[in-house]
Amino acid sequence: MSIPKIFRIKLGVSCVYLIRERGTILVDAGPPRQEQKFVNKARAAGIDPEEISLVVVTHAHMDHIGSLAGIRTITNAPVLAHAGEKTIIEQALTEIPKGVTPWGRVMRFAISLSEKNIRFEPAPVDIAVEPHNPNDCYPLNRFGIDGKIVHTPGHTKGSISLLLESGDAFVGDLLMNGFPMRRGPGIPIFADDLETVKNSVRVLLSQGAVLFFPGHGNPFAASDLTGIC
Ligand SMILES: [Zn+2]
């Protein structure tokens, strides 16, 4: 197992992650119109976007796939997502799940006011994975990464996480940490099903996750989740 280098890049309200081991992959693609900012920040971190060999999409919300089409063109890297999110990505549909906390319901209403005016480019999904149970994972060794894709539904039905052998877990919106979503680490404020969220977190913990890298906010340790899941 190599020690991964992890670069966190903030694009608008979202965070995307570059992971470099023997290969380099990207997790998520940020909100719309962030392509150039991504390129600039990747280069500032010493990574040529063309060395990226895979873009993993944790789920098909516009703040994670808004710049996917542009980044796919720039990197020429295949896009991997869960089969259940493929149509949403390829048709650039916007769809936010219901708010499951009081603040989530306020945010959901605010987003709904502008949702229909937000446009972004669709992007093809080159690798549609469909793991059916926690042990049915998609390995990433062929991309030079010691890790795997784990199906972690709950925020959306087709949400996936990337779990490295090092214990670093890239979870999209399975967990959130930070403004404007939350004040500290915890469950997402929007979710398809909250009990499924908690079960997915338990799956990641049982498979060795020790450090969580969310799509919104700073990374946090598994111990920060005590009493939450
Ligand atoms: Zn989301």
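This is a predicted model: local features need pLDDT of at least 70, side-chain atom pairs count only at pLDDT 80 or more; totals for chains, interfaces and linings use all residues.

Reader: Which residues touch the most other members of the largest nonpolar core?

Author: The general idea is that in soluble globular proteins, nonpolar side chains tend to be buried together. Here the largest nonpolar core has 29 residues, and Leu18, Leu26, Phe38, Leu68 and Ile89 touch the most other members. At least two residues of this core come from each of strand E1 (5–11), E2, helix H1 (35–44), E4, H2, helix H3 (68–75), strand E5 (79–82) and helix H4 (86–90). Apart from this core lies another, of 20 residues, including Val56, Tyr138, Phe143 and Phe170.

Reader: Which residues does Leu18 touch, not counting those up to four places away in sequence?

Author: With that exclusion, Leu18 touches Lys5, Ile6, Phe7, Ile9, Thr24, Ile25, Leu26, Phe38, Ala42, Ile47 and Ile52.

Reader: How many aromatic pairs does the structure hold?

Author: An aromatic pair is read from the distance between ring centres and the angle between ring planes. The structure holds 4 such pairs. One of them, formed by Tyr17 and Phe213, is edge-to-face, at 5.5 Å centre to centre and with 80° between the planes. This pair links distant parts of the chain, for Tyr17 is in strand E2 (residues 14–20) and Phe213 in strand E11 (residues 211–214), 196 residues apart. Tyr17 and Phe213 are both buried. Phe212 and Phe220 form a stacked pair, with 5.7 Å centre to centre and 20° between the planes. Phe212 and Phe220 are likewise both buried.

Reader: Which residues do ring pairs link into a cluster?

Author: The cluster consists of Tyr17, Phe170 and Phe213. Phe170 is also one of the residues named in the core of 20 residues.

Reader: Which residues coordinate the zinc ion, and through which atoms?

Author: The zinc ion is coordinated at 2.2 Å by His59 through NE2, His61 through ND1, His155 through NE2 and Asp173 through OD. In sequence these donor residues follow the spacing H-x1-H-x93-H-x17-D. His59 lies in the loop between strand E4 (52–56) and helix H2 (62–65), and His155 in the loop between strand E8 (147–151) and strand E9 (160–164), so the pair ties together parts that are 96 residues apart in sequence.

Reader: Why is the arrangement around the zinc ion irregular?

Author: The 4 donor atoms subtend angles of 89 to 168°, which makes the arrangement irregular. A tetrahedral assignment would require all angles to lie between 85 and 135 degrees.

Reader: Is His59 buried or exposed?

Author: His59 counts as buried because its relative accessibility is 1%. His155 is buried as well. The side chains of His59 and His155 make a polar contact of 3.4 Å. Leaving aside neighbours within four places in sequence, His59 is in contact with Asp28, His64, Ile65, Glu85, His155, Thr156, Ser159, Gly172 and Asp173.

Reader: What is the phi of Asp28?

Author: Asp28 has a positive phi of about 70° although it is not a glycine. Asp28 lies in the loop between E3 and H1 and is buried, with a relative accessible area of 2%. Ala92, also not a glycine, has a positive phi of about 50°. Ala92 is placed in the loop between H4 and helix H5 (102–114), and is buried with a relative accessible area of 18%.

Note on methods. Residues are numbered from 1 along each chain as its sequence is written. Side-chain values use heavy atoms; hydrogens and water are left out. Donors are N, O and S atoms within 2.8 Å of the metal (3.2 Å for Na, K and Ca); water is not among the atoms, so sites may look incomplete. Four donors count as tetrahedral if all angles lie between 85 and 135 degrees; four count as square planar and six as octahedral if opposite donors are over 155 degrees apart and all others between 65 and 115; anything else is irregular. Helices (H or I, at least four residues) and strands (E, at least two) are DSSP runs, numbered from the N terminus. Buried means under 20% relative accessible area, exposed over 50%, partly exposed in between (1.4 Å probe, protein chains only). A polar contact is a pair of N or O atoms within 3.5 Å; within protein, one must be able to donate a hydrogen and the other to accept it, and residues adjacent in sequence count only if both atoms are side-chain atoms. Contact means heavy atoms within 4.5 Å. Rings of Phe, Tyr and Trp (its six-membered ring) pair if their centres lie within 6.5 Å; planes under 30 degrees apart count as stacked, over 60 as edge-to-face and the rest as tilted. A nonpolar core is a set of buried Ala, Val, Leu, Ile, Met, Phe, Trp, Tyr and Cys residues joined through side-chain atoms within 4.5 Å.
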